[in-house]
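Here is a short tour of one protein chain, written for someone who is new to reading structures. Keep the picture open beside the text and look for each residue as it comes up.

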Amino acid sequence: MAHLRRSHLTTYILPKFGNRVLSTLNQVEIENWLVDLHSDTTKKPLSNQTKNHILYTFRIILREAHREALVPFNCLSNIEPLALQAKSRDTFTRKELKKLFPSDSEALMAI
């Protein structure tokens, strides 16, 4: 989990806000940034679930900054998570199962 949080920090949060004083951050700026996040590798928009994980990581940082009295308030405390858009997943069809697990040993070995 620590590795995941560190990845959020180094990949998304620090490149955008790393040179900023924490007390200058505001909720609207962070919300706009969050909505526009894209993958570095695929350039596709991140899923809402991934954005929520990044938001959670950012919240940890600001919650600790507030606890240590480095900022007067946590500007992320009121931001709601983005709506989840879960992908529909279903079981394999018989045709797909036959492809994955053919009854013929030669076909099985070819996989």
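Helices here (H or I, at least four residues) are DSSP runs, numbered from the N terminus. This is a predicted model, in which local features need pLDDT of at least 70 and side-chain atom pairs count only at pLDDT 80 or more, while totals for chains, interfaces and linings use all residues. Residues are numbered from 1 along each chain as its sequence is written, and side-chain values use heavy atoms, with hydrogens and water left out.

**Two loop residues with positive phi**

Most residues other than glycine have a negative phi. Lysine 43 has a phi near 65°, a positive value in a residue other than glycine. Alanine 69, in the loop between α3 and α4, also has a positive phi, near 60°. Is lysine 43 buried or exposed? Lysine 43 counts as exposed because its relative accessibility is 58%, and exposed means over 50% relative accessible area, buried under 20%, and partly exposed in between (1.4 Å probe, protein chains only). Alanine 69 is exposed too, at 65%.

**Helix α1 and its buried side**

Helix α1 covers residues 2–17 and has a kink of about 35° centred on leucine 9. The bend at a residue is the angle between axes fitted to the seven residues ending there and the seven starting there. Arg5, His8, Leu9, Tyr12, Ile13 and Phe17 are the buried residues of α1, and they pack against α2 (27–35) and α3.

Which residues does histidine 8 contact, beyond its neighbours within four places in sequence? They are Ile13, His53, Ile54 and Thr57, where contact means heavy atoms within 4.5 Å. Histidine 8 is buried, with a relative accessible area of 5%.

**An aromatic cluster**

The whole structure holds three aromatic pairs. Rings of Phe, Tyr and Trp (its six-membered ring) pair if their centres lie within 6.5 Å; planes under 30 degrees apart count as stacked, over 60 as edge-to-face and the rest as tilted. Two of the pairs are set out here.

| Pair | Centre to centre | Angle between planes | Type |
|---|---|---|---|
| Phe17 and Trp33 | 5.0 Å | 80° | edge-to-face |
| Trp33 and Phe58 | 5.8 Å | 90° | edge-to-face |

Phenylalanine 17 in α1 and tryptophan 33 in α2 are 16 residues apart. Because tryptophan 33 lies in α2 and phenylalanine 58 in α3, their pair ties together parts that are 25 residues apart in sequence. Ring pairs link Phe17, Trp33 and Phe58 into a cluster. Phenylalanine 17 is buried at 6% relative accessibility, tryptophan 33 at 10% and phenylalanine 58 at 2%.

**Along the loop between α3 and α4**

Leucine 82 is in the loop between α3 and α4, and at 24% relative accessibility it counts as partly exposed. Its C-alpha atom is 9.7 Å from that of threonine 50, 32 residues away along the chain. Not counting residues up to four places away in sequence, leucine 82 touches Leu34, Asn48, Lys51 and Asn52.

Phenylalanine 92 sits in the loop between α3 (48–67) and α4 (94–100). Its relative accessible area is 53%, so phenylalanine 92 is exposed.
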